[in-house]
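Me: I would like to learn how to read the cores and the sheets in a model. Please start with the cores.

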Amino acid sequence: MSGSRAEAEQKGGSRQRLQVNEYKENQNIADTSLRPVQTTVLGVTAKVCLVPFSLSNYNTGQLKRPKSLLDKNSNSEVTCKKSKKAEIKKSCRRLLTPKMEATSSKEESTLQKSSLDVHAESNKWQYKSPSDTVVLSPDTESSQEGDSDEDTTPGLDDFSELSPYERKRLKNISENANFFASLQLSESAARFREMIKKRQPPESKRKKPKKKENETGCRRSMRLLKVDPSGVPLPAAPIQTVLEVDENPLIPPGPLEMTPENQDDDNALFKGFLQTWAEMSKTRSKNTEKELSSIKSYKVHLNGMVISEDTVCKVTRGSISSMAIHPSEMRTLVAAGAKSGQVGLWDLTHQPKEDGVYLFQPHSQPVSCLYFSPANPAHLLSLSYDGTLRCGDFSRAVFEEVYRDETRSFSSFDFLTEDASTLIVGHWDGSMSLVDRRTPGTSCEKLIKTSLSKIRTVHVHPVQRQYLITAGLRDIHVYDARCLNLSRNQPLISLTEHTKSIASAYFSPLTGNRVVTTCADCKLRIFDSSCISSKIPLLTTIRHNTITGRWLTRFQAVWDPKQEDCIVVGSMAQPRRVEVFHETGKWVHSFLGGECLASVCSINAMHPTRYILAGGNSSGRVHVFMN
């Protein structure tokens with residue numbers, strides 16, 4: 001019983017709320033003014049005044065007028081409403097009939113549906129007069145339109161359940177569809193496609209204009225046509241051959257006179273220079289002392305070596321590629337080989353210093369190796385890439401030709417015997433030549449093939465002179481000169497610890513118990529060569545920047561002849577310097593020159609008995625440190 005009472009009360013409350021909502025909604029409609037709406041159909045604009053009406057609270061077929069409004073309406077007002085509605089329909093029919101006749105059957109159905117939406121919307125609006133307002137329901141409208149067949153539009157019941165907003169939305173969709181259909185976009189697109197297909201591509205080749213037969217030609221120079229003024233052709237001019245001047249012409253074979261290029265031939269200073277050094281070579285005192293000084297005393301001597309403006313001079317015109325110091329203990333003579341094939345001699349005792357420099361051209365390509373003969377220091381031997389090995393004799397003032405092979409390029413050489421009569425020459429193609437200076441002619445005694453693709457340096461053991469070491473591209477081989485033959489020779493020992501290109505490999509100068517190598521992997525390696533018959537183990541690796549670049553000569557670490565446990569090498573560090581390392585890898589000394597040493601000294605040489613260091617740079621200058 002209690003449940004049935006609650007349901008009854010709930011139904012009664014819902015009925016009351018429904019009546020209140022009807023009253024409020026009708027009251028809001030009554031207070032709303034007419035809203036003019038313009039509707040465009042096929043280019044004709046119809047202006048209709050509409051008032052929105054909500055159907056959200058009503059079901060289909062139950063739309064009825066409230067009693068409060070029916071009491072106020074009279075029959076005359078309903079008649080007035082009918083007459084107004086009939087006038088609106090007539091005006092719409094009068095405007096739309098010509099357009100509908102011109103359209104297709106599909107457009108007619110669409111237009112009828114749109115006009116039906118207009119009538120359906122008009123049935124939902126209220127017409128407000130100054131006195132009262134009448135609201136029409138679908139039932140009343142259908143009964144009023146039942147008298148005429150023309151006013152009855154099929155499909156009205158399909159939209160009876162939609163709200164005014166949804167009907168307005170459908171109307172807008174229909175109008176938009178009619179508008180786009182009237183534009184005929186698909187037909188225009190089809191026409192454009194046909195135009196593109198029919199269009200032919202333009203011709204890529206340009207049509208040459210046709211020459212006119214009677215057209216006058218352009219005037220031309222008779223000189224260029226090689227015709228004289230009378231029209232007679234001129235004789236052909238003789239062809240002048242232009243000789244190309246080689247920057248490094250090949251030096252003719254045979255001995256060359258020692259003629260300095262930077263001074264006069266009959267210079268008295270040069271004649272005195274040759275006579276002095278010929279006599280100095282004869283009276284040279286040999287250093288028989290083989291004992292090494294201590295590192296402490298060695299450092300003291302190195303600290304006393306200084307450089308000044310008087311010990312810096314330009315000796316060659318090009319970059320220096322090799323250096324040598326005369327072994328005299330009385331005077332100082334420095335020899336420098338250049339990449340241009342020049343050999344420069346500088347006597348530091350002459351003042352001014354430019355008068356002590358003499359420049360010669362015994363080669364046409366870089367001079368890669370220079371040595372004063374250990375048997376006769378008056379002989380300066382020079383080897384070049386041009387395939388020649390010459391000996392400059394100060395006593396006779398001539399460069400003799402020792403060995404010549406224009407088909408090969410030489411890289412390095414050394415003396416196999418102490419009297420300097422037999423030489424071993426390394427080639428860039430990996431072969432070696434055995435040269436005997438005592439035999440006449442300029443050919444080699446034996447051409448030796450090795451397993452190396454290149455040979456950069458060749459050095460002979462100072463004590464056991466049958467052993468020689470060669471630095472290849474990435475391997476270092478030790479050979480026994482007594483077993484060398486014409487066929488491909490296998491080395492006794494191979495050093496394969498290097499990972500990049502090797503620049504040089506040298507035995508220690510006194511005992512030959514150590515080997516120092518310079519590699520492009522920024523490492524200086526020192527090996528123990530005291531027992532060559534078995535292996536040469538690695539003792540020390542020194543980290544040192546050896547990347548000189550394209551324009552500088554590659555570094556070559558060399559031993560100090562006075563202190564065979566120390567090596568000398570150039571440096572890329574700033575300020576510029578030349579460094580000395582011990583075989584254990586410890587740093588010993590750095591030669592700093594300040595403003596006098598402003599460039600990299602790639603090639604360095606030490607005096608065999610005196611504390612003198614000479615370094616050459618890429619501009620042809622020689623820097624000398626001395627006590």
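Reply: A nonpolar core is a set of buried Ala, Val, Leu, Ile, Met, Phe, Trp, Tyr and Cys residues joined through side-chain atoms within 4.5 Å. Buried means under 20% relative accessible area, exposed over 50% and partly exposed in between, with a 1.4 Å probe and protein chains only. This is a predicted model, in which local features need pLDDT of at least 70, side-chain atom pairs count only at pLDDT 80 or more, and totals for chains, interfaces and linings use all residues. Residues are numbered from 1 along each chain as its sequence is written, and side-chain values use heavy atoms, leaving out hydrogens and water.

Me: Which residues of the largest nonpolar core touch the most other members?

Reply: They are Leu 302, Val 580, Phe 591 and Leu 613, in a core of 32 residues. Elements are DSSP runs numbered from the N terminus: helices (H or I, at least four residues) and strands (E, at least two). Those giving two or more residues to this core include α9 (295-303) and β30 (577-582); β29 gives the most, with four.

Me: What does Val 580 touch?

Reply: With contact meaning heavy atoms within 4.5 Å, and residues up to four places away in sequence not counted, its partners include Tyr 298, Leu 302 and Trp 587.
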